[in-house]
Amino acid sequence: MIEYRLQLLPDALRILLEEAEAFIGEEEFKGQKTYLIYSSDDISDILKELNIPFESKDTEETGWQEKWKEYIQEDYLTDDIYFIFEKGKIFDDKRRTLYINPSLAFGTGAHPTTKIAAQLLSKVCNGKSVLDVGTGSGILAIAASMNGASYIDAFDIDPMSLSNCLENIENNGCTNIKAWTGDIADIKDKTYDIVCANIISSVLLSIQIDVERLSSEYIIYSGILDSEFDSIKDKLCNGYIIDDRITINEWTGVRLKKC
C-alpha cells in the first residue's frame, strides 16, 4: 500500500481514484489542505501525466496503516442498517448495527457504490439465495443476511481480503454465509436468485455473461459512473428489465429483473 500526498485533487482525478477504490483523506495545517491517497496500485504515472506534484511513501514507512481509519465515519448503509467500527456499540434508538473491522483495501460501507448496492439488495433479498461477487470486506453479504436472505455465497479474487471478510462475517454472527477466494468462472452447475456485483463498470461488462448464467431472477450492478450509464445500459440489460435504479453523487447502480 502506497501513501500519496497531494496539494491538488481535481474532480477528474477524484473520480478515477474512487473508481479504483483508492482511499482519499484530507489534512489541514495553517490553512493548507493536503490530500492523502492510499492505493494498492502505483498511480505515480497518472499523477505525472496530469502534472500534479506529489510525494509518495510506502505506508510501512509512514505509520499510516492505522491512522487512515480516523477519516472514515459510521453511517447508514441502508434505511435501517447502520455500520459501525466499534464492536458492541449500542444506540438509544435501537437501530440495527453492522460491525466492520475496517481494512483499507476491502471496503467499509462508506463509499456511495456500496450503499447503492446494499439498498438495491435489501429490498428483494428476504428468503432469496444471493451471490456476492467481489465481496471484499463482506459487508454486502452480511447486509443480505441481516435482511433475511436464505443463504449467501461470497467470493473475491484477492486472497488478502478473505481473512477480513471471514472475521466480519463471524463478528456479525452470520452463519448462512460461505466465503472463499476465487473467480466467478469457477462456479459451475449452480444458480442464485440474486447475483450482486459492486465493481467498476469495465469489470462488470467483462463478467456479464457469467453473472447472467448464475442469476435466476435478479442482478444488481453497482460501481457505474452516472455519466457512463446510458452508454452501457443496453448491454447490461440484455434479457432483463430495470427494476430499480439508485444514484448517489456521481455513482449509479441498477437492480435488473429477468424478463
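Trainee: How many bridges join strand β12 to strand β14, and in which sense do these strands run?

Mentor: Seven bridges join β12 (residues 215–225) to β14 (residues 251–258), and the two run antiparallel. Two strands pair if DSSP finds at least two bridges between them, so β12 and β14 count as paired. The model is predicted: local features need pLDDT of at least 70, and side-chain atom pairs count only at pLDDT 80 or more, while totals for chains, interfaces and linings use all residues. Residues are numbered from 1 along each chain as its sequence is written, and side-chain values use heavy atoms, with hydrogens and water left out.

Trainee: What makes β10 and β13 edge strands?

Mentor: Each of them, β10 (177–181) and β13 (240–248), pairs on one side only. The sheet is open, with seven strands in the order β10-β9-β8-β11-β12-β14-β13 and mixed pairing. Strands here are DSSP runs of E with at least two residues, helices are runs of H or I with at least four, and both are numbered from the N terminus.

Trainee: Which strands does helix α6 lie across, and at what angle does α6 run to β9?

Mentor: Helix α6 (residues 139–146) lies across β8, β9, β10 and β11, at about 175 degrees to β9. Such angles run from 0 to 180 degrees between N-to-C directions, with axes fitted to C-alpha atoms, for helices over the stretch in contact.

Trainee: Why are α8 and α9 called roughly parallel?

Mentor: Helix α8 (residues 201–214) and α9 pack at an angle of about 10 degrees, with their axes 11 Å apart. Angles under 35 degrees count as roughly parallel, over 145 as roughly antiparallel, 65 to 115 as roughly perpendicular and the rest as oblique. The pair is therefore roughly parallel. Its contact (heavy atoms within 4.5 Å) is made by S201, L205, Q208 and E212 of α8 and I232, K235 and L236 of α9.

Trainee: How do you know that C196 is buried?

Mentor: Buried means under 20% relative accessible area, exposed over 50%, and partly exposed in between, with a 1.4 Å probe and protein chains only. C196 has 1%, so it is buried. This residue sits in strand β11 and touches A117, L131, D132, V133, L140 and I220, leaving aside residues up to four places away in sequence. C196 and L140 are 56 residues apart along the chain, with 8.6 Å between their C-alpha atoms.

Trainee: Why do N51 and D189 count as exposed?

Mentor: N51 has 68% relative accessibility and therefore counts as exposed; D189, at 83%, is exposed too. N51 lies in the loop between α2 and β4, and D189 in the loop between β10 and β11.

Trainee: Which residues touch the most other members of the largest nonpolar core?

Mentor: They are L77, L98, V130, I177 and I194, within a core of 39 residues. A nonpolar core is a set of buried Ala, Val, Leu, Ile, Met, Phe, Trp, Tyr and Cys residues joined through side-chain atoms within 4.5 Å. Helix α6 gives the largest share, six residues. Apart from this core lies another, of 23 residues, among them V133, F155, I207 and Y240.
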